[in-house]
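Trainee: I'd like to go through this one with you and ask what stands behind each label. Where do we begin?

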Amino acid sequence: MIDFEPWDRLLRQYVDQQGRVDYFAWKTEQPQALGDWLSSQKNLDFTSNCSTFEQLALWINLYNAFTISAILEMYPLESIRPRILGIPNWLAFLWFFQRRGYHIFGEHYSLAQIENSILREKLQEPRIHFAIVCASVGCPLLRAGAYFPEQVTQQLDEDTRRFINNSEKVHYDSDSKTLYCSKIFKWYRQDFLKVTSSIPEYIRSYLETDLPLQASTPISYLYYDWRLNQRIS
């Protein structure tokens with residue numbers, strides 16, 4: 001199976017504790033490191049009898065590594081949703097996720113295929129939505145380190161708590177009694193409802209402060225920021 005130590009070292013070097021990526025330093029100092037590592041792994045054989053934990057760590061790491069490698073190739077850029085004359089270029093945006101440009105285990109995958117066919121449909125783990133990143137500000141924060149099979153359950157729990165307790169992603173207005181939350185909860189609502197009866201109750205189960213959330217709590221979805229999640233060293 002894949003050795004994720006090189007990926008782990010790169011993340012620790014170029015991602016801060018706020019989940020922001022120093023693309024400029026990464027591309028300046030080690031422009032080939034991630035691509036070379038991914039290339040060295042592409043003809044490995046996939047072990048079909050590996051555990052759910054091994055598969056979760058494997059595909060979350062690969063999704064994030066493929067995403068970051070694509071951004072490094074295109075960098076500098078301001079947003080993963082490009083614009084033409086001020087209008088969002090949705091075709092280029094969809095192509096970013098749909099193109100089968102990532103070679104691993106002797107096959108070509110798209111980001112959408114890894115997310116939807118493997119992580120969502122096969123592994124049925126809603127917490128992946130707080131771990132896989134599309135490199136935008138609205139995404140979950142990128143972990144400053146790789147996922148490992150023996151830790152992945154705890155890591156996903158930490159990611160979910162970090163996301164839900166981040167007031168930029170989730171907050172409650174006590175005056176209007178409205179729950180404001182990321183559109184991730186709207187787009188992937190059915191995934192969360194497989195493990196809980198409502199979105200407010202799912203959120204409440206991870207909150208560090210006790211809020212009066214129940215199934216009937218009104219929800220308003222926050223603006224999703226597609227700007228590149230980066231920092232400049």
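Mentor: With a term: buried means under 20% relative accessible area, exposed means over 50%, and partly exposed is in between (1.4 Å probe, protein chains only). This is a predicted model, where local features need pLDDT of at least 70 and side-chain atom pairs count only at pLDDT 80 or more, while totals for chains, interfaces and linings use all residues. Residues are numbered from 1 along each chain as its sequence is written, and side-chain values use heavy atoms, leaving out hydrogens and water.

Trainee: Which residues of H6 are buried?

Mentor: Leu111, Ala112, Gln113, Ile114, Glu115, Ile118 and Leu119. H6 itself covers residues 111–122. Helices here are DSSP runs of H or I with at least four residues, strands are E runs with at least two, and both are numbered from the N terminus.

Trainee: Why is H4 called roughly antiparallel to H6?

Mentor: Check the angle: the two axes come within 10 Å and cross at roughly 160°. Under 35 degrees counts as roughly parallel, over 145 as roughly antiparallel, 65 to 115 as roughly perpendicular, and the rest as oblique. The value for H4 and H6 is roughly 160°, so the pair is roughly antiparallel. The axes are lines fitted to C-alpha atoms, for helices over the stretch in contact, and angles run from 0 to 180 degrees between N-to-C directions.

Trainee: What makes the contact between H4 and H6?

Mentor: From H4 you have Gln55, Leu56, Trp59, Ile60, Tyr63, Phe66 and Thr67; from H6, Leu111, Ile114, Glu115, Ile118, Leu119 and Lys122. Contact means heavy atoms within 4.5 Å. The residues of this contact split into 9 nonpolar, 2 polar and 2 charged. Here nonpolar covers Ala, Val, Leu, Ile, Met, Phe, Trp, Tyr, Cys and Pro, charged covers Asp, Glu, Lys and Arg, and the others, Gly among them, are polar.

Trainee: Which residues touch the most other members of the largest nonpolar core?

Mentor: Trp7, Leu34, Trp59, Phe185 and Ile203, out of 76 residues. H4, residues 52–74, gives the most to this core, with 13 residues. Such a core is a set of buried Ala, Val, Leu, Ile, Met, Phe, Trp, Tyr and Cys residues joined through side-chain atoms within 4.5 Å. Setting aside residues up to four places away in sequence, Trp7 touches Trp26, Leu34, Trp37, Asn61, Asn64, Ala65, Ile68 and Ala146.

Trainee: How do you know that Arg143 counts as buried?

Mentor: Its relative accessibility is 15%, and so Arg143 counts as buried. Arg143 sits in the loop between H6 and H7. Apart from neighbours within four places in sequence, Arg143 is in contact with Leu11, Val15, Gln155, Glu158, Asp159 and Arg162.

Trainee: Why is Leu141 called partly exposed?

Mentor: Leu141 has a relative accessible area of 21%, so partly exposed is the label. Leu141 is in that loop between H6 and H7 too. The C-alpha atoms of Leu141 and Gln18 are separated by 6.7 Å, although these residues are 123 residues apart along the chain.

Trainee: What about Gln124 and Lys177: buried, partly exposed or exposed?

Mentor: Gln124 has 44%, so Gln124 is partly exposed; Lys177 has 52%, so Lys177 is exposed. Gln124 has a positive phi of about 55° although it is not a glycine. Lys177, also not a glycine, has a positive phi near 55° and lies in the loop between strands E5 and E6.
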